[in-house]
Amino acid sequence: MIKKNIVTEMETNGYLLVNHDYKFGRKNVLLNSNNLANYFLRHYAIKKIKKIKKITSSNSLSQKSLYEKFNFLKNQYPEYSSKLYNMIQNDTSLTNHYNDKNIIKTLKILFKNKNIFKLAQAMRIDLSPKYHHALKWHQDFFDFLSMKTSGISLNINYKDSYTVWSPFTKADQNVGTMEVLVGSHKYGRHNHYYEKAKNKKKSNYSVADTLELKVPKNILNKCTKKIININKSQSIIFSMNLIHRTVIGKSKGIRLTGWGRFTSTNSSSFKNIVKYF
């Protein structure tokens, strides 16, 4: 995609798809996740259970194999699945992924070659069809603790900041993906509402607090809903003002995804943020 098209597509739709430059980055993330799951099952779970031996004997990165491991930990050992989740969040392969040449090149065009600043990155594990953290319509924001306390996260204009969302397993309507309101970024920021989860457990796999944006009717009428079916060699880069939500999967499987949030050191977002650190 040429420079002019990148800028035009982002200004018009609020998002665009980027093909990765590398060949093995996605596999490294999946392989590390698989190895960590095996480690927890072998060292922390009850070793005598035959089912564990059967599950960990497979090093396949298939939907079925990964789902069996993560689902077993989630249901039988939630405290260990939570630790596993935290370890995968810090996977160095994710950092390497966001250094992908095509992702960086696209961000530089959007930021007009200014310095790029990555504010946060994380990974999520969602077991389809029973998602623990399916988000309703919302816009992204920088959710650092110091910003939550001060309220600055709600007062920033995020039009010059972007999220890079990457599936490391397939992301479609079978195992889950995302849906966007095309062009909704043009209408700026909106008030969001939090709903505390009921029966919340001390595990990252438990039901999470709900963040929701009550989308104004004029935006729903003017903006087309678009379900993103994205292949495993692509990422979607979208404005943090774009309204989007989780599409819950219909069949049994796993959705392993990563996200990074970026701004420029010359952006108004960055200038508002630095005073709180």
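Ala, Val, Leu, Ile, Met, Phe, Trp, Tyr, Cys and Pro count here as nonpolar, Asp, Glu, Lys and Arg as charged, and the others, Gly among them, as polar. The model is predicted, so to speak of local features needs pLDDT of at least 70, side-chain atom pairs count only at pLDDT 80 or more, and totals for chains, interfaces and linings use all residues. Residues are numbered from 1 along each chain as its sequence is written, and side-chain values use heavy atoms, with hydrogens and water left out.

**The second largest pocket**

- By class, six nonpolar, six polar and five charged residues make up the lining of this pocket.
- The pocket holds about 440 Å³ of space, a volume being the space filled by probe spheres set on grid points joined across faces, edges and corners.
- Of its 17 lining residues, L110, K112, K159, D160 and Y162 are the closest to the centre.
- A pocket is an open set of points on a 1 Å grid over the protein atoms alone, where a 1.4 Å probe fits, with protein on both sides within 12 Å along at least five of seven lines; lining residues have an atom within 4 Å of a point.
- α1 gives the most to the lining, with three residues.

**The sheet**

- Five strands form an open sheet in the order β1-β8-β3-β10-β2, with antiparallel pairing.
- Strands are DSSP E runs of at least two residues, and helices are H or I runs of at least four, numbered from the N terminus.
- β3 (residues 162-167) and β8 (residues 234-239) pair antiparallel over four bridges, where pairing takes at least two DSSP bridges.
- V164 has I237 of β8 as its bridge partner.
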